[in-house]
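Please read them with the structure open beside you.

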Amino acid sequence: MSGPSVATYRPGTSPLHRAPAGAKLVGLAVVGAGVLLLREPLAVGAAGLAVVALYALAGAGPRVLWGQVRALRVVVPVLLAVQWLTLGPVTAVVLTARLVVLVALAGLVLVTTRSSDVLAATERGLRPLGRVGVDVARAALVLSLAVRAVPVVAALAARVRDACRARGREHDVRAYAVPLVVASLRHADATGDALRARGLDD
């Protein structure tokens, strides 16, 4: 059974919903950098509990949190196994858990922030670059599309994995990779068509 949509804005009145989009993006960057510095399992575990608390503060329950990290169930076991064998159990757990925490944090920002607000905040942040000839609006649009592409591809990956499992081919790499690549290319084509229709093809 599918979980909630990945990184879909959910209206609310929580402090996180009311916080400015720019502040949340800066906070995400700062906290994300801090998470990457964590080296101990207990520290990463504490960060994970903090993320769960933030979701609760935003009025988003466990189902919403699971919706943001659900696609990682395909990647995490592989990463954990490879890192366990090459780097040892402690490092493997820390690196894998940090990935989950970072994805959950990014999902929380998108769950509590409208896409239009993210785009506007990105434009404001890039505005100084306009003085050196950078098309700020276009650059902000590209960054916004890149951010939105992550959950879209993650959702595609989850759907392809579910389809493979339904056919009893969950361990067939080709049966998983080929449809995922095709679906991703179709999404890219559809995005390109939408941009061309708005005169943004150059």
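1. Contact is used throughout for heavy atoms within 4.5 Å. On that basis L180, leaving aside its neighbours within four places in sequence, is in contact with V153, L156, A157 and V160. L180 is found in helix α9, residues 173-197, where helices (H or I, at least four residues) and strands (E, at least two) are DSSP runs numbered from the N terminus.

2. Before going further, please keep in mind that this is a predicted model, in which local features need pLDDT of at least 70 and side-chain atom pairs count only at pLDDT 80 or more, while totals for chains, interfaces and linings use all residues. Residues are numbered from 1 along each chain as its sequence is written, and side-chain values use heavy atoms, with hydrogens and water left out.

3. As to the overall fold, the protein chain has 9 helices and 0 strands. Among its contacts between residues at least 6 apart in sequence, 69% join residues at least 24 apart. The accessible surface comes to about 12,000 Å², with 68% of it belonging to carbon and sulfur atoms; such areas come from the Shrake-Rupley method with a 1.4 Å probe, and for residues only the protein chains shown count as cover.

4. Buried here means under 20% relative accessible area, exposed means over 50%, and partly exposed lies in between (1.4 Å probe, protein chains only). Of the 202 residues in the protein chain, 29% are buried.

5. The largest nonpolar core has 19 residues, and those with the most contacts inside it are V51, Y55, V64, V101, A104, L105 and L108. A nonpolar core is a set of buried Ala, Val, Leu, Ile, Met, Phe, Trp, Tyr and Cys residues joined through side-chain atoms within 4.5 Å. Helices α3 (41-57), α4 (62-69) and α6 (89-111) each supply at least two residues of this core, and the largest share, 6 residues, comes from α6. A104 touches V51, Y55, L65 and V69, not counting residues up to four places away in sequence. Within α4, the residues V64, L65, G67, Q68 and V69 are buried, and their cover includes α3 and α6.

6. Why does L180 count as buried? Its relative accessibility is 15%, and buried means under 20%. The C-alpha atoms of L180 and A158, which are 22 residues apart along the chain, are separated by 9.4 Å.

7. H17, found in helix α1 (residues 15-18), deserves a look of its own. H17 is buried, with a relative accessible area of 13%. Its side chain reaches the backbone oxygen of R10 at 2.6 Å, and a polar contact of 2.6 Å joins the side chains of H17 and S14. A polar contact is a pair of N or O atoms within 3.5 Å; within protein, one must be able to donate a hydrogen and the other to accept it, and residues adjacent in sequence count only if both atoms are side-chain atoms. Leaving aside neighbours within four places in sequence, the residues in contact with H17 include Y9, K24, A58, V111 and T112.

8. Finally, on helix α2 (residues 21-36), where V31 is found, please check the side chain of V31. Is V31 buried or partly exposed? At 43% relative accessibility, V31 counts as partly exposed.
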